[in-house]
Amino acid sequence: MRITENQRVVLGVLAELPDGKGFAREVLARVEGKTFNCVNATLASLAPKGFVVKAKAVFEEKLLTQYTITEAGREFLTAEPTEDAE
């Protein structure tokens, strides 16, 4: 499966958050040189691939999308890169 370097970085940051759960704002705080829109779109693009699941949750008194890394996402991060993954 093809995944961009940006997707790999954002997925890795999400995996490092407690329980592998987080909001785009929390991921953004740990990624340098990216905008909120970039991080949010990247997280959303990982859902159809099965690497994250999305759910609505409250963050700072607002109902936002919370992303949780899946087992498939964790396995992808630990797998050896292949030509398709680069």
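Reader: Which are the buried residues of helix α3 (residues 36–46)?

Author: Quick caution first: this is a predicted model, where local features need pLDDT of at least 70, side-chain atom pairs count only at pLDDT 80 or more, and totals for chains, interfaces and linings use all residues. Residues are numbered from 1 along each chain as its sequence is written, and side-chain values use heavy atoms, with hydrogens and water left out.

Now, buried means under 20% relative accessible area, while exposed is over 50% and partly exposed is in between (1.4 Å probe, protein chains only). In α3, the buried ones are V39, T42, L43 and L46. They sit on the same side of α3, because they cover an arc of only 100 degrees around the axis; that arc uses the directions from the helix axis to the C-beta atoms.

Reader: What do the buried residues of α3 pack against?

Author: Look for contacts, meaning heavy atoms within 4.5 Å. Here the partners are α1 (5–16), α2 (24–28), β2 (52–59) and β3 (62–69).

Reader: How many helices and strands does the protein chain have?

Author: Helices (H or I, at least four residues) and strands (E, at least two) are DSSP runs, numbered from the N terminus. This chain has four helices and three strands, in the order α-β-α-α-β-β-α along the sequence.

Reader: And what share of the 86 residues counts as buried?

Author: That's 36%. As for contacts, take those between residues at least 6 apart in sequence: 53% of them join residues at least 24 apart. The C-alpha atoms fill a box of roughly 45 × 25 × 20 Å, taken along the principal axes.
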